[in-house]
2 protein chains.
Amino acid sequence: MRFKTYTLQLPPWVDDILSEQDQIYPTVEERMALAITLATNNIKNNGGPFGAAVFERESGRLVAPGINLVLQTNCSVVHAEIVAIMLTQQQLANFDLSAEGFPDYELVSTTEPCAMCLGAITWSGISSLVCGARDEDARSIGFDEGDKPENRFAKLKSRAISVTLDVLRDEAKAVLQQYIDEGGIIYNGRMKII
Amino acid sequence: MRFKTYTLQLPPWVDDILSEQDQIYPTVEERMALAITLATNNIKNNGGPFGAAVFERESGRLVAPGINLVLQTNCSVVHAEIVAIMLTQQQLANFDLSAEGFPDYELVSTTEPCAMCLGAITWSGISSLVCGARDEDARSIGFDEGDKPENRFAKLKSRAISVTLDVLRDEAKAVLQQYIDEGGIIYNGRMKII
């Protein structure tokens, strides 16, 4: 094969963190707290300030975590939400998390998903989206969130994806601010005009 | 590591096809013809009817091909455009294809990118998008293209990404129709109402 491959794999520190945690996260706040812990530790490990995780919505069982791996793996696609979705689908050996016989799955993300990730959620089969920091929180400190559709939350709902906003919003915003304060790179912030 | 990994790798038949082709594709029509060949062969190999490739825009050198690998690899994220972008970034060891010192890169896709892929293009550093079949061609035979932003082509242009539509559109539409005629699965077509 003359083309390189790409292996999506969580760094070992994610396992270390999770081994100290419960497997069950009953409330959305506990789920968000885990995603924030992942984001905070990703900054320490030279990654972007974003964390996510997929849970069984009813039981609260963690299925797969996600962290932003853009900087570490030279890949603009691997936002935290994409990582959590891809790893969940591998765990379950199915590209559709709404497939017959599955429980409902919930994606928890420290910041509202960007335009790409909103699209990815649509295809994933996720039934519920929970966000910490808002789109405007990310934009206000310089992150580009992409070009989103009008009435994006209503559009997700019309696809049977429920949306819960502002869960631990202040704590999630603080992670973004920490990244900026520590001199983190605002990658993909370029806006050349032709 | 308790979580499964995901390896993005093109199937061997892609190499077989490319070994019979030139490395340089001077015109957008030649570039699209390659993407269509990839899509057609993906159908034969139990994949979705979508192909893509990234080229150096000026020289026409192929950098990386892409095919839709959703069905074969249990992953809703790996549309043809995502695959081509991820593999190109691995080839160049950079998450930003607009990085200093790089030539302009062009993404050629047999069908206009879905909402997720439009977002991914924004982050990739691609300078030029070339499409075959239109959004409405895909929708008219049952594919869901997602919720796209208003004035999506103008928005790409404002980000210094040029857009060329309708390159070999009829041939690209024919691939979609072939897939339907052969009983291909319209995956992710579910629209549950809550």
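1. Ground rules. This is a predicted model, where local features need pLDDT of at least 70, side-chain atom pairs count only at pLDDT 80 or more, and totals for chains, interfaces and linings use all residues. Residues are numbered from 1 along each chain as its sequence is written, while chains are lettered from A and ligands numbered from 1 in the order in which they are written.

2. The sheet in chain A. Five strands form an open sheet in the order 3-2-4-5-6, with mixed pairing; strands here are DSSP E runs of at least two residues, helices are H or I runs of at least four, and both are numbered from the N terminus. At the edges stand strand 3 (62–67) and strand 6 (162–164) of chain A, each with a single partner strand, so one side of each has no neighbour in the sheet. From one strand to the next the twist averages 15°.

3. One pair inside it. Strand 4 (residues 105–111) and strand 5 (residues 128–133) of chain A run parallel over five bridges (pairing takes at least two DSSP bridges). A:Thr111 has A:Ala133 of strand 5 as its bridge partner. Helix 2 of chain A packs on the sheet, touching strand 2 (51–56), strand 3, strand 4, strand 5 and strand 6 of chain A, and its direction makes about 145° with that of strand 2.

4. Helix on helix. Helix 2 (residues 28–44) and helix 8 (residues 169–181) of chain A pack at about 5°, their axes 10 Å apart (axes are lines fitted to C-alpha atoms, for helices over the stretch in contact, with angles from 0 to 180 degrees between N-to-C directions). The two helices are therefore roughly parallel, the label for angles under 35 degrees. A:Ile36 and A:Ala39 of helix 2 are among the residues making the contact, as are A:Val175 and A:Tyr179 of helix 8.

5. Chain to chain. The contact takes 54 residues from chain B and 53 residues from chain A, contact meaning C-beta atoms, placed from the backbone, within 7 Å. On chain B, the elements giving two or more residues include strand 1 (6–8) and helix 4 (80–92). Strand 1 (residues 6–8) of chain A pairs with strand 1 of chain B in the antiparallel sense over three bridges, and A:Tyr6 has B:Leu8 as its bridge partner.

Methods. Contact = placed C-beta atoms within 7 Å. Parallel < 35°, antiparallel > 145°, perpendicular 65-115°, else oblique.
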